[in-house]
Amino acid sequence: MTIQIDISRYNNLAIEALEDGVWVVTLNRPQKRNALDLDTIEELVAFFSVAPRAGVRAVVLAGAGDHFCAGLDLIEHHDEDRSPADFMHVCLRWHEAFNKMEYGGVPIIAALQGAVVGGGLELASAAHVRVMDKTAYFALPEGQRGLFTGGGATIRVTDLVGKARMIDMMLTGRVYQGQEAMDVGLVQYAVEGSSLDAALELARKAAQNLPLSNFAICSAVSHMQNMSAMDAAYAEAVVAGVVNTQPDARARLAAFADKSAARVRPKD
């Protein structure tokens with residue numbers, strides 16, 4: 001049974017269902033540069049917990065205003081004056097949200113502009129594809145603020161840029177932008193125009209795939225990265241056995257066999 005998503009329950013996220021199963025989830029605190037407070041994290045947990053069972057075929061993750069996300073809401077953090085145990089549980093909720101995204105099986109395309117900083121970069125790194133416009137910049141300024149990353153940067157950002165660059169970003173506050181951000185692996189696409197428009201195009205393309213194929217691509221690969229090579233090879237064979245024999249693929253395979261399917265071609 002398909003679960004219905006009640007968008008009226010979300011206050012910090014603006015959620016819109018488009019055609020063909022594409023949804024747009026927008027961080028909607030532009031006055032705070034979309035900083036992540038605990039309420040926003042809980043809304044991310046809620047949405048991405050149900051998205052795979054609600055007919056969501058692809059998600060564009062965006063930020064309202066000039067910035068994608070400036071990271072942890074430092075004002076909330078300061079005012080709450082949390083104990084170590086309190087903040088540990090906050091971090092665990094962040095991990096819950098971002099794990100639901102990375103491992104949930106629904107393609108997530110992040111449309112990035114302005115600040116993609118601290119926890120904002122951790123959020124972006126939980127998406128499967130990242131698109132930036134000319135204004136986007138990336139940093140992990142925790143070291144300068146007397147903090148340490150708590151939302152998975154040591155895992156996901158390190159996977160993207162490597163350990164040495166990750167440590168450098170935290171120690172020195174180094175900012176990446178433009179071609180350099182592409183070169184180190186922070187994003188897969190850089191566009192001259194709107195990152196949102198480009199992300200929507202990619203999401204619509206991904207949504208045309210069979211849901212089971214997308215589920216495997218957007219969950220199994222991450223799981224396999226956590227395994228030994230031998231275990232990953234076994235898991236890959238099992239997933240391929242299920243996905244590659246799905247009944248819904250028969251028509252697509254037949255189209256390939258009779259040469260009516262689109263062929264893979266290099267760009268001109």
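## Nonpolar surface patch

Helix α10 contributes the most residues to the nonpolar patch, namely three. The model is predicted, so local features need pLDDT of at least 70 and side-chain atom pairs count only at pLDDT 80 or more, while totals for chains, interfaces and linings use all residues. Residues are numbered from 1 along each chain as its sequence is written, and side-chain values use heavy atoms, with hydrogens and water left out.

Leu 212, Phe 215, Tyr 234, Val 238 and Val 242 make up the patch, which covers about 480 Å². Patch residues have over 30% relative accessible area and no salt bridge, and nonpolar side chains (Val, Leu, Ile, Met, Phe, Trp, Tyr) are joined within 5 Å. A salt bridge here is a side-chain nitrogen of Lys or Arg within 4 Å of a carboxyl oxygen of Asp or Glu. Both α9 (211–225) and α10 (229–243) supply at least two residues each; helices are DSSP runs of H or I with at least four residues, and strands are runs of E with at least two. Leu 212 belongs to α9 and is partly exposed, at 33% relative accessible area (buried is under 20%, exposed over 50%, partly exposed in between, with a 1.4 Å probe and protein chains only).

Strand β4 (residues 108–112) runs parallel to β6 and is joined to β6 by four bridges; pairing requires at least two DSSP bridges between two strands. Ala 111 has Val 131 as its bridge partner in β6. Strand β9 (residues 189–190) is also parallel to β6, with two bridges, and there Ala 190 stands opposite Met 132.

## Aromatic cluster

Four aromatic pairs are found in the whole structure (ring centres within 6.5 Å; planes under 30 degrees apart are stacked, over 60 edge-to-face, the rest tilted). Tyr 10 and Phe 47 form an edge-to-face pair, with centres 6.4 Å apart and planes at 75°. Tyr 10 lies in the segment before β1 (13–17) and Phe 47 in helix α1 (residues 38–50), so the pair ties together parts 37 residues apart in sequence. The rings of Phe 47 and Phe 48 are also edge-to-face, with centres 5.0 Å apart and planes at 90°.

Tyr 10, Trp 23, Phe 47 and Phe 48 form one cluster. Tyr 10 is buried, as are Phe 47 at 0% relative accessibility and Phe 48 at 4%.

Note on methods: Patches are made of residues with over 30% relative accessible area and no salt bridge: like charges are joined within 9 Å, nonpolar side chains (Val, Leu, Ile, Met, Phe, Trp, Tyr) within 5 Å. Accessible areas come from the Shrake-Rupley method with a 1.4 Å probe; for residues, only the protein chains shown count as cover. Rings of Phe, Tyr and Trp (its six-membered ring) pair if their centres lie within 6.5 Å; planes under 30 degrees apart count as stacked, over 60 as edge-to-face and the rest as tilted.
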